[in-house]
Structures are given as C-alpha cells and as structure tokens.
Amino acid sequence: MLGWFSLDDDAPPGEADRILARLCSGLADAGLRLAGAVQQNTDRGADCACDMDVLVLGEEDAPIRISQSLGGGSSGCRLDPGALEMAAARVSARLAGAELLIVPKFGRQEAIGRGFRSVIAQAIAQDVPVLLHVPPEQRAAFAEFCDGMGEPVPPAGLVEWCLDQVTGVQ
C-alpha cells in the first residue's frame, strides 16, 4: 500500500522525477484515476541552479514554482517550503476518488513533518495506495515514518506494482 523506490548514486540528476512523470503518463493513459504530483526541473545553464516546479496531476497547466532564486554565491536551500505546502494542499483536495497517489519524493520537508507527509498519511487512511521516491539521505526518516509499512519497489517494477495495487493482485 506504500511503495517506494530509490536510485543508484550515479543516476543522473532529476532521473526519479522523469521516471515518475513517465509512469504517471502511462498509468493515466491506461485509465487509472491518479492523484499526486510530479516535479519538473528546468535547466538554466552551467552557472545557474535549475528551476523546480511541481505539477499537480489534473492541474498540469498551473505549475507551482517550488524553488526560489537566492542569488549568486548563495549556499542555502532553494526550496520554497510555502510553495511546497501549497502543492500538497492542492493534491490533498484532489485525493477523493483516486485509485493511486503519486508523490515526487519523501524529502527533507517530509522528514520534518511538512510537505507531502500529511497527504501520504491521508491517502493511507483512505486506503489509497501511495508510490514515491525516497532519496538515500532520507531513508532513515522514511523508515521511521512508515513504521514497516513501506514496500521497496525496483524502478523496473513500478508499473506492475501500481497496477497490482489498483487491481488488488498481490
């Protein structure tokens, strides 16, 4: 009911986001009722950090910019936590009737109780299966959060896992 995947350390930046975007597209084409979001990164060149947008499924024409420009030489976190909270609220509002929730990742915000964490809990409480990416640096926090409920899924098995969850095949 709570599936997660991770990638090798040598995976290209943004690969998990691209995997989830392709997965969502394929599952939607197959007729599944999805809720959730995917992250889309836009490269701004070698001297600039990428722009990060969250696309809420069903509202792809209204992306939410979750990165903020901190200026040259800055080293702080570029994430705009307020924008991430807005994205989570919009996903929460679309959860009713969904067969599956897709969340971009269990990141630092989720590890401290913010971001998509409450939406994940809401989906589980409503018996909606959840799939998300868990970066290596957040595995311990995720393990504590899911308390043994998480099921690791190899990236090559994501489609099958999602379909199994929706059809009830185990």
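Trainee: Which elements do the buried residues of helix 4 pack against?

Mentor: Please keep in mind that this is a predicted model. The buried residues of helix 4 pack against strand 1 (2–5), helix 2, strand 5, strand 6 (130–133) and helix 5 (139–146).

Trainee: And which residues of helix 4 are the buried ones?

Mentor: They are V119, I120 and A123. These residues cover an arc of only 105° around the axis, which puts them on the same side of helix 4.

Trainee: What does the face turned away from that buried side carry?

Mentor: That face of helix 4 carries the exposed residues S118 and A125.

Trainee: What follows helix 4?

Mentor: Helix 4 is followed by D127, a residue with a positive phi, near 60°.

Trainee: Let me step back to the whole chain. How many helices and strands are there in the protein?

Mentor: The protein has six helices and seven strands. Read from the N terminus on, the elements run β-α-β-β-β-α-β-α-α-β-α-β-α.

Trainee: What share of the residues is buried?

Mentor: Of the 170 residues in the protein, 43% are buried. As for contacts with a separation of 6 or more, 64% of them are between residues 24 or more positions apart.

Trainee: Now to the charged pairs. How many salt bridges does the structure hold?

Mentor: It holds eight salt bridges. One of them joins the side chains of E59 and R90, at 2.6 Å from N to O.

Trainee: Where do E59 and R90 lie?

Mentor: E59 lies in the loop between strand 3 (51–56) and strand 4 (64–65), and R90 in helix 2 (residues 81–93), so the pair ties together parts that are 31 residues apart in sequence.

Trainee: Are those two buried or exposed?

Mentor: Both E59 and R90 are buried.

Trainee: Which residue does R94 form a salt bridge with?

Mentor: R94 forms a salt bridge with E59, and their closest N and O atoms are 3.4 Å apart. This pair also links distant parts of the chain, since R94 is in the loop between helix 2 and strand 5 (100–103) while E59 is in the loop between strand 3 and strand 4, 35 residues apart. R94 is partly exposed, with a relative accessible area of 36%.

Trainee: Which residue does E85 meet in a salt bridge?

Mentor: The side chain of E85 meets that of R114, at 3.4 Å from N to O. E85 is in helix 2 and R114 in the loop between helix 3 (108–111) and helix 4 (117–125), 29 residues apart, and the pair links these distant parts of the chain. E85 is partly exposed at a relative accessible area of 28%, and R114 also counts as partly exposed, at 36%.

Trainee: Which residues are linked in a network of salt bridges?

Mentor: E15, R18 and R22 are linked in such a network.

Trainee: How do the lining residues divide?

Mentor: The lining of the largest pocket has 16 nonpolar, seven polar and nine charged residues.

Technical notes:
Residues are numbered from 1 along each chain as its sequence is written. This is a predicted model: local features need pLDDT of at least 70, side-chain atom pairs count only at pLDDT 80 or more; totals for chains, interfaces and linings use all residues. Side-chain values use heavy atoms; hydrogens and water are left out. A salt bridge is a side-chain nitrogen of Lys or Arg within 4 Å of a carboxyl oxygen of Asp or Glu. Helices (H or I, at least four residues) and strands (E, at least two) are DSSP runs, numbered from the N terminus. Buried means under 20% relative accessible area, exposed over 50%, partly exposed in between (1.4 Å probe, protein chains only). Ala, Val, Leu, Ile, Met, Phe, Trp, Tyr, Cys and Pro count as nonpolar, Asp, Glu, Lys and Arg as charged, and the others, Gly among them, as polar. The arc is that of the directions from the helix axis to the C-beta atoms. Contact means heavy atoms within 4.5 Å.
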